[in-house]
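The following exercises are meant to be worked through with the model open beside the text. Each one sets a task and then gives a solution in steps.

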Amino acid sequence: MAEQLGELTRTHTGNDLRLGDVGADVVLLGWVHRVRDLGGVLFVDVRDRAGLTQVVFDKDDEALMTKAKRLRSEFVIGVEGQVRRRSADTVNEKLATGEVEVVVRRLTLLNEAKTPPFPIADDTAVSEDVRLKYRYLDLRRPRLQANMGLRHRVTATIRRYFDENGFWDIETPILTKSTPEGARDYLVPSRVHAGEFFALPQSPQLFKQLLMMSGVDRYVQICRCFRDEDLRADRQPEFTQVDVEMSFARPETIFDMIEPLMVEVCAVVGKSVSAPFQRMAYADAMATYGSDKPDLRCGMPIQDFGGLFRESGFRVFREIVAGGGTVRGFVVKHAGGYSRSEVDGIVDRAKQMGAAGLVWARRADDGTVTSSVMKALGEAEVVGLLDAASAGPGELVLVAAGEPDATSTLLGKLRLALARQKGLLDPDAYAFVWVVDFPLLEWDPEARRYNSMHHPFTSPHEDDVALLETEPGRVRAKAYDLVLNGSEIGGGSIRIHDAAVQRQVFSLLNIGPDEAKLRFGFFLEALEYGTPPHGGIALGLDRIIQTLAGEQSIREVIAFPKTAAAVDLMCSAPSPVDAKQLRELHLVPKV
């Protein structure tokens, strides 16, 4: 039977005790981590979120030893005793408390525990479904405890930083109007307004803009957001973002505010990064890395070789260039040792990614030149290609041809696949880059209409506003993404602050006046009461913590995540509800 806590009060955590505490009387409270019974002496590691401390039960106290022998993994206990120095041969250098132990004189058994479905003390492999079903046990394991502690420290750093820079932390509504921003809304039926619904926010976008109209000037919120997206391996239906908005802002205003924040956030894990971060136009990112979220750690930029092949004897390349396509490729360093079968494997991988073909050329360590199209090109053109690519001895050039964007996208995927395979993506390197000058709109050929590249409240570049009438596809957005190691960790823009421009953008998106009034009438009206220029950004907190923790999935840094199928295995949610509730919510007819 469990004993009561009574007046028992913790004096130290599991990570506190050191040699300077020898002789002190202490009280530890926590879980039994491990038990080692050596016959005459019983050693128990007591764990709390701070760490581990070894406690000792001696055979001289027979009643205490009898009680201690009942202890099993995950029992909750309190121990009172005296700190003593461990003998030199028993010091545990892996523990901060490893030079001392506590000789117990009183044991309080606060609760027993069933045998857990997986070991808590060891970071053994356990299926994710089991871990998520017993998440409260998984969270006791050292790795997740460390991740939760890291998350706390990072959020504390973020809150302090914005407070010091004059931002107000303001909460925005969770129950709001459905104004889809791309993904589906989670809808909440109203009981008191039959047939009407609230929506959970995909982001606080409109509310943070309204706060700028309200004169708040600088707003921040660490907020929960909800998106009913199609199932993806590493997305969550509810997630956390650091939401920021500033009045009288230009893109550089946002950059100058966010870069020092990221420097401080990285310092939480001992990483030193320097600002300013690199800026890269969207068009350059797509052409050079085949992605709008380029990973810069491995180098290997994509180069355009189209000019080399306008008059080429290789008919395939010549005709592609003449037809408006291009020839692009990148250099693989230290490839002199690749066997022919390894190179053929790379070609096969490219074909699996959708390539019609992949050409390669290599300069061996001794200077010998070889290529998969040596006969078609001739040695002179192969050497010209290698020279144009600045490929030295032992380096391989991989080349694809076709429509420019599709060719770069393919090569970008292949570049990252090879970088991962060859260990070129250093997990300890942090490569930040701002991707800027996105297109304002993207054309949907199936629907035959424009969609927003970011969202419909993004301001067009002032130099391109006239093109909204004539060539909307060429209009650049005053939008920007912050990319870290190939992952988009933040996205934002300068917003439209002119009601006429906002209506014009809505029209381009096939949102007519009636629909605009129905969905955004309150917002359009607010724009007409003196709206300052403003802009902001939303940083993905889960993704940032994942990178800092070195984890492969955001589920490892969220306390209670859903599965990839958007299911909570622990609570068995979503789940059916009582018919009475459905009737009250007007979702089924009343009998």
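## Exercises on a predicted model

**Exercise 1. Locate Pro 574 in the chain and describe the peptide bond that joins Ala 573 to Pro 574.**

Step 1. In this predicted model, Pro 574 has its place in the loop between helix H16 (541–549) and helix H17 (579–584).

Step 2. The peptide bond between Ala 573 and Pro 574 is cis, with omega of about 5°.

Step 3. A cis peptide bond also joins Ala 275 and Pro 276, where omega is about 5°, and Pro 276 is found in the loop between H6 and E11.

Step 4. For a further backbone feature, turn to Glu 74, which has a positive phi of about 80° although it is not a glycine; Glu 74 is found in the loop between helix H1 (62–68) and strand E4 (76–85).

**Exercise 2. Determine how helix H14 and helix H15 pack, and which residues make the contact.**

Step 1. Two packed helices are described by the angle between their axes and the distance between the axes.

Step 2. For H14 (residues 499–508) and H15 (residues 513–527) the angle is about 160°, and the axes are 10 Å apart. Because angles over 145 degrees count as roughly antiparallel, H14 is roughly antiparallel to H15.

Step 3. The crossing in which H14 passes H15 is right-handed. On the side of H14 the contact is made by Ala 499, Gln 502, Arg 503 and Phe 506, and on the side of H15 by Ala 516, Phe 520, Phe 523, Leu 524 and Leu 527.

**Exercise 3. Work out the order of the 8 strands in the open sheet, and state which helices lie against them.**

Step 1. The strand order is E6-E9-E10-E22-E21-E20-E17-E11, and the pairing is mixed. Strand E6 (168–169) and strand E11 (278–281) stand at the edges with a single partner strand each, so one side of each is left without a neighbour in the sheet.

Step 2. Within the sheet, strand E21 (residues 487–494) and strand E22 (residues 534–540) run antiparallel and are joined by 5 bridges, with Ser 493 standing opposite Gly 536 in E22.

Step 3. Helix H5 (residues 205–213) packs on the sheet, where it touches strand E9 (218–226), strand E10 (238–247) and E22, and the direction of H5 makes about 20° with that of E10.

Step 4. Helix H6 (residues 251–267) lies across several strands, including E9, E10, E11 and strand E17 (432–436), and runs at about 25° to E22.

**Exercise 4. Describe the barrel of 5 strands and the pairing of E4 with E5.**

Step 1. The barrel closes in the order E1-E2-E3-E5-E4, with mixed pairing, and the twist from one strand to the next averages 55°.

Step 2. E4 pairs with strand E5 (residues 100–111) in the antiparallel sense over 10 bridges, and Val 76 stands opposite Asn 111 in E5.

Definitions and conventions:
Residues are numbered from 1 along each chain as its sequence is written. This is a predicted model: local features need pLDDT of at least 70, side-chain atom pairs count only at pLDDT 80 or more; totals for chains, interfaces and linings use all residues. Side-chain values use heavy atoms; hydrogens and water are left out. Axes are lines fitted to C-alpha atoms, for helices over the stretch in contact, and angles run from 0 to 180 degrees between N-to-C directions. Helices (H or I, at least four residues) and strands (E, at least two) are DSSP runs, numbered from the N terminus. Angles under 35 degrees count as roughly parallel, over 145 as roughly antiparallel, 65 to 115 as roughly perpendicular and the rest as oblique. A crossing is left-handed if the near helix is turned anticlockwise from the far one by less than a right angle, and right-handed if clockwise. Contact means heavy atoms within 4.5 Å. Two strands pair if DSSP finds at least two bridges between them.
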